Amino acid sequence: MKLIAKKDVAAVVGTWSKTYSVLSPCMHASGDCVFDSFDAETFTLEYRKPPMPPKSSFLPQNETMFSVENGTFTPVIHHEKTLLFGIRACDLMGILQARSFYSRDMDDVYHRSHAEDTLIVVHACSWPQNETCFCTTVHSGPYAHEGFDIQLFDMGTDFLAEAGSDAGRAMIATEPFRDFDVEDAAERLSRVKHMAHNSIPIVSEVAEAMDILKGTGTNEGVWEHLGRKCITCGGCVYVCPTCTCFNVVDRVTADASGERMRTWDTCLYAGFTREASGHNPRSSQASRLRRRHEHKLLHYSQTDNRGALCGCVGCGRCSDYCPVHIGTLEVVKAIAEHIY
Amino acid sequence: MAGLAAAFGSGAMTNSINEFDDADLFFIIGSNTTAQHPLIGSRIINAVERGSKLILFDPREIPLAQFATLHLRQNFGTDVALLNGIMNIIIQEDLHDRLYVEGRTEGFEELKKLVGRYTPKVVEQITGIRSSELYRAAVMYAQADKAMIIYAMGITQHVTGTDNVKTLANLAMLTGHVGRPSTGVNPLRGQNNVQGACDMGGLPGVFTGYQRVGDPAAVKKFEDAWSVSGLNTKGGLTITGMMEAAHKGTLKAMYIMGENPLVSDPDITHVEQALSNLDFLVVQDIFLSDTAALADVVLPAASFAEKEGTYSNTERRVQLARAAVPPPGQARSDWEIIAGLCSRLGLAADYRGPADIMKEINALTPSYGGITYSRLSAGHGLQWPCPNVDHPGTVFLHREQFTKGKGSFLPCEFKPAAETPDDEYDFTLTTGRIYFQYHTGTMTRRIDLLEREAPEPLVEINPEDAKKLGIRSNDLVELESRRGSIQLKAEVTPRVPKRVLFTTFHFREAPVNRLTNSAFDPVAEIPELKGCSVKIRRCS
Ligand code: SF4
Ligand code: SF4
Ligand code: SF4
């Protein structure tokens with residue numbers, strides 16, 4: 001195990017940014033914090049859960065898959081050595097779940113190439129980032145068990161750095177990283193982990209709602225009530241680290257030329273399931289909301305879970321950003337408490 | 001805007017978006033809020049879930065109807081009668097705010113006299129709303145502590161648009177619902193910067209900040225600032241006036257920026273004739289719209305993501321946006337195009353960038369005096385009026401007194417719509433917008449996901465009418481007005497009342513403005529896009 005003084009972190013990340021395209025937390029003058037290309041001026045370690053998960057590093061909002069020029073096809077596979085600095089454990093679990101999904105039944109070469117090009121530095125949480133965090137409930141945080149290159153634990157004026165891969169080990173082998181050679185290193189780390197774990201309350205309704213869905217199913221009234229107020233913005237899907245759906249479209253740029261692209265999609269739009277005849281098996285907003293939440297809580301794949309409880313990694317963003325409060329937290333409460 | 005300016009002295013949303021969270025009652029008329037201002041709509045839904053009341057006036061069963069404490073479906077174009085009727089009940093029942101009316105307003109006696117004629121029985125005949133329901137609405141609104149009136153184009157796009165707005169202002173003043181948090185008269189503006197365009201003098205009779213071109217002091221100030229003399233003090237033409245003049249041949253050249261009148265304006269056959277009558281047409285846009293295709297010169301403009309500058313939104317909030325990517329090809333920011341034209345015309349417009357222009361705005365526009373670039377960069381915008389750099393901006397207007405001093409009651413009589421159904425054109429066609437498309441679709445129809453959600457125009461028809469006419473959902477139907485005809489598919493739905501049809505103006509393949517009437521409001525010159533008379537038949 002290694003240590004690094006917090007004050008040295010910006011310089012190290014700056015060095016990495018010479019080799020990698022680094023995405024790291026930036027604090028803007030307006031007070032907004034987002035993950036963006038590393039910039040020494042705005043780099044910060046004082047950040048909360050960023051509004052967007054790192055999903056677009058693996059599944060860009062729009063991505064060209066191949067181009068056609070005068071009838072000749074050329075696959076477009078983007079390569080860029082990338083380093084994600086400071087993502088949270090829940091978001092890493094989101095990446096791992098998506099990675100499993102995109103490689104389980106087929107080899108999604110686009111997703112794979114992004115994954116192969118990307119190094120991940122996790123910043124383990126010492127406490128909940130806000131009141132919607134529920135990683136401990138779904139076993140996705142507050143620290144990661146696998147899948148990272150480096151994981152940083154907050155030890156006051158230092159970070160403890162744990163390597164999760166050979167690349168990570170090499171990166172923390174030299175100055176300003178230094179050995180953490182006290183006798184009780186392991187104990188200290190487990191104390192930090194323990195405190196962090198205990199600081200994030202368990203949301204018992206998640207498991208209860210999952211049981212109800214598996215058993216008798218929920219009262220239709222829940223979905224009808226929520227469906228009435230959903231404004232169909234798609235926001236809950238776009239901010240979700242484990243939502244993996246895309247739509248495929250062709251952009252014709254000239255005769256016999258153009259490109260095929262994929263763009264983020266959401267099952268909350270009617271056109272997502274509308275059939276060519278016009279018939280729609282998910283014809284109401286209620287049924288579409290039900291689909292989304294059942295996908296997370298009922299119809300997830302055990303293989304894709306990667307050790308988490310279900311297909312939701314507890315980041316809480318859908319609860320943070322749904323303008324009418326239809327996040328996973330609200331939904332599981334409504335199901336578990338039989339509110340409607 | 002003209003209506004609110006006359007009543008209060010300021011033509012903008014009186015209150016702010018955050019204040020929706022604390023309102024006790026929403027009085028919504030002529031706004032399909034969840035479809036057109038979805039984030040404001042979601043605040044209304046949340047507030048209603050927490051116990052706020054919602055009175056909704058709309059002939060259509062819009063999504064908010066499911067949340068309404070009271071949904072009243074008035075006959076088309078009868079808003080003035082409806083609101084006068086409500087005020088009459090409030091005065092009769094002594095529910096008006098006497099102190100407020102005495103202390104802060106003028107013209108109450110005239111109002112009382114006029115609305116006195118709008119008895120519940122008369123109003124029921126005109127609007128189709130039962131007097132018991134009208135009574136409920138009046139009492140609920142008057143008794144609410146914090147009540148917000150919310151409206152949009154459903155109020156303004158009528159020949160009586162200005163009267164509609166004045167009458168809403170009367171109602172708010174009568175009950176003391178202006179000048180406090182979570183109250184007021186709140187027009188929701190459509191585009192992200194339509195408020196800003198008005199603020200910056202994009203209206204025929206004003207300089208920036210609504211300083212009148214007829215005011216000699218304002219003229220002198222601008223002449224000095226621009227080192228020119230002889231600025232026009234008469235004001236120009238509105239869009240409606242320009243089209244008329246072009247049609248007549250008295251207007252020879254037109255320069256259109258970011259508008260697509262060939263799809264968006266009423267009676268487009270007339271617009272086509274007017275535009276082809278011009279000697280010279282310049283269109284500045286981000287895409288080659290139908291109107292741009294007709295132009296002699298097209299000036300490619302940068303889109304929002306490719307330029308820097310400010311937008312002033314519906315709550316008078318000025319916000320700074322920076323370019324995320326450079327403009328493609330020859331496209332340039334609007335300011336660069338205009339400044340370039342100015343220099344070629346011999347007026348030195350040597351701004352170094354938007355920040356320079358903002359300095360000029362700060363110096364010449366009292367309400368924008370303190371809205372500087374450095375302040376905008378350091379936060380999330382500032383709401384005008386903000387007269388100096390120490391001023392925090394204004395969350396709601398008319399706190400102690402109205403901008404113009406005392407608020408004026410401006411009573412209006414009910415006047416019917418320009419076109420009402422007759423034996424031949426026996427349906428009222430009303431137009432609006434849908435969630436997934438924007439305006440004439442020049443932008444949204446290029447976005448595959450949006451196009452998938454709403455790929456084609458539909459006309460809504462009530463099941464009873466449809467049955468009589470043998471029309472089923474997805475049948476192709478023809479709509480015909482005195483001005484033209486279009487074909488599109490039908491959607492049979494109780495969302496529309498009997499004898500009313502609804503469609504949108506997003507789709508150029510069935511341009512509804514072939515049908516609409518260019519009759520307009522005499523003050524604001526906004527056309528009556530919200531209704532015209534048509535007949536409908538199933539295509540064989
Ligand atoms: S859910 Fe857990 S891991 Fe994710 S940000 Fe919140 S505390 Fe951190
Ligand atoms: S469903 Fe909501 S809480 Fe769960 S991972 Fe997705 S955004 Fe986060
Ligand atoms: S964020 Fe909320 S309103 Fe938007 S689509 Fe999701 S559930 Fe609906």
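**Exercise 1.** Classify Met257(B) as buried, partly exposed or exposed in this predicted model.

*Solution.* Start with the cut-offs: buried means under 20% relative accessible area, exposed over 50%, partly exposed in between (1.4 Å probe, protein chains only). Met257(B) has 41% relative accessibility, so Met257(B) counts as partly exposed.

Local features here need pLDDT of at least 70, and side-chain atom pairs count only at pLDDT 80 or more, while totals for chains, interfaces and linings use all residues. Residues are numbered from 1 along each chain as its sequence is written, chains are lettered from A and ligands numbered from 1 in the order written, and side-chain values use heavy atoms, without hydrogens and water.

**Exercise 2.** Find the residues around ligand 3 and sort them by class.

*Solution.* Take residues with a heavy atom within 4 Å of the ligand. The shell includes Cys230(A), Cys233(A), Cys236(A) and Cys322(A). Now sort: Ala, Val, Leu, Ile, Met, Phe, Trp, Tyr, Cys and Pro are nonpolar, Asp, Glu, Lys and Arg charged, the others, Gly among them, polar.

**Exercise 3.** How many disulfides does the whole structure hold?

*Solution.* Look for pairs of cysteine sulfur atoms within 2.5 Å. The search over all chains finds zero.
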